[in-house]
Amino acid sequence: MRPSAIRLLNILVPVKRAVDYSVKIRVNPQQTGIDLNAKHSMNPFDEIAVEEAVRLRERMKDAVKSIKAVTIGPPKSIETLRTALAMGADSSIHVEIPESAPAPEPLAVAKTLQEIIKRQKDGVDVVILGKQAIDDDLGMTGQMLAGLLGWSQATFASKVEIDTVKKEALVTREIDGGGQEVRCRLPVIITTDLRLNEPRYASLPNIMKAKKKPVEKLTPADLGIDYTPQLEILKVSEPPQRVGGGKVANVDELVAKLKEAGFTAV
């Protein structure tokens, strides 16, 4: 009997367009969220996810069949997909929503990814995404997607190794005080932490090539997903400005100041 062929890996990398990490965040005048009239770029944790997918291909050579990026967002989100394509992704999917629409919540994003995975003719073996987005810091999408699909999950990854023969992923997770190694059966959901890698800069030739790579356009209606928010944000406000400190000449003056401020000995 001839041995069965090893299945080639298909990797899906969800990416998000977010306010650039270098921008000083400000609350909008309506106090309903942050001011979005600022520079945007790919969420840094998702950049790490794209880089890891490309590095897996470089390490595993022909074992990786495809790397597909996917994003949900307004028309400008195509720029984020082009960045992923320039870094090494083969193709992409853009689930387009109106510019004025609120950002989808994690559960809606997870359901969207679930539907996209179901539609892939060659299947999906590995989903690599950032552990959180720097705009909302919710950090729930990967876990919710694993729950919806019933797949293995390895969160906060700092090292990823995949064995296509055993159909397993060995992932080192960042935990308080150290690392934890987990072995997961494929298919698997992996969320990336900062120590996993340092993303590359896309070269000019690759940026030009990215413009010719395929981008499939979809809408929430095509996938049967309702993006109506389930949560209501009542108010967003900036933290109070810090009051400047003062200097004291000796311990007695320090104690007196503390008593004036209402601090007493336990």
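Reader: What makes strand S6 largely enclosed by the rest of the structure?
Author: This is a predicted model, and in it 5 of the 5 residues of strand S6 (residues 126–130) are buried. That is why S6 counts as largely enclosed by the rest of the structure.

Reader: Which strands does S6 pair with, and how do you know that they pair?
Author: Two strands count as paired if there are at least two bridges between them. Strand S1 (residues 9–14) and S6 have 2 bridges, in the parallel sense, and Leu12 has Val127 of S6 as its bridge partner. S6 and strand S10 (residues 188–192) have 5 bridges, also parallel; here the partner of Val127 is Ile189 in S10.

Reader: Why is Ser91 called buried?
Author: Buried means under 20% relative accessible area, and Ser91 has 15%, so the word applies. Ser91 lies in strand S5 (residues 91–96). Leaving aside neighbours within four places in sequence, Ser91 is in contact with Ile67, Lys68, Ala69, Leu85 and Pro214.

Reader: What is the order of the strands in the open sheet?
Author: The 9 strands follow the order S9-S8-S7-S10-S6-S1-S4-S5-S11, with mixed pairing. Strand S9 (178–185) and strand S11 (215–218) each have a single partner strand, so they stand at the edges, and one side of each is left without a neighbour in the sheet. From one strand to the next, the twist averages 30°.

Reader: How do strand S7 and strand S8 run, parallel or antiparallel?
Author: Strand S7 (residues 152–163) and strand S8 (residues 168–175) run antiparallel, joined by 6 bridges. Lys159 stands opposite Thr172 in S8.

Reader: Which helix packs on the sheet, and what does that helix touch?
Author: Helix H3 (residues 106–119) does, touching S1, strand S4 (64–73), S5, S6 and S11. The direction of H3 makes about 145° with that of S4.

Reader: Which residues of helix H4 are buried, and what puts them on the same side?
Author: In helix H4 (residues 141–149), the buried residues are Thr141, Gly142, Leu145, Ala146 and Leu149. They cover an arc of only 135° around the axis, so they are on the same side of H4. The buried residues of H4 pack against H3, S6, S7 and S10.

Reader: What comes just after H4?
Author: Gly150, which takes a positive phi of about 75°.

How values were computed. Residues numbered from 1 in each chain as written. Predicted model: local features only at pLDDT ≥ 70, side-chain atom pairs only at ≥ 80, totals over all residues. Heavy atoms only, no water. Buried < 20%, exposed > 50% of the residue type's maximum accessible area, 1.4 Å probe, protein only. Helix = DSSP H or I, 4+ residues; strand = E, 2+ residues; numbered from the N terminus. Contact = heavy atoms within 4.5 Å. Axes fitted to C-alpha atoms, helices over the stretch in contact; angles between N-to-C directions. Arc of directions from axis to C-beta.
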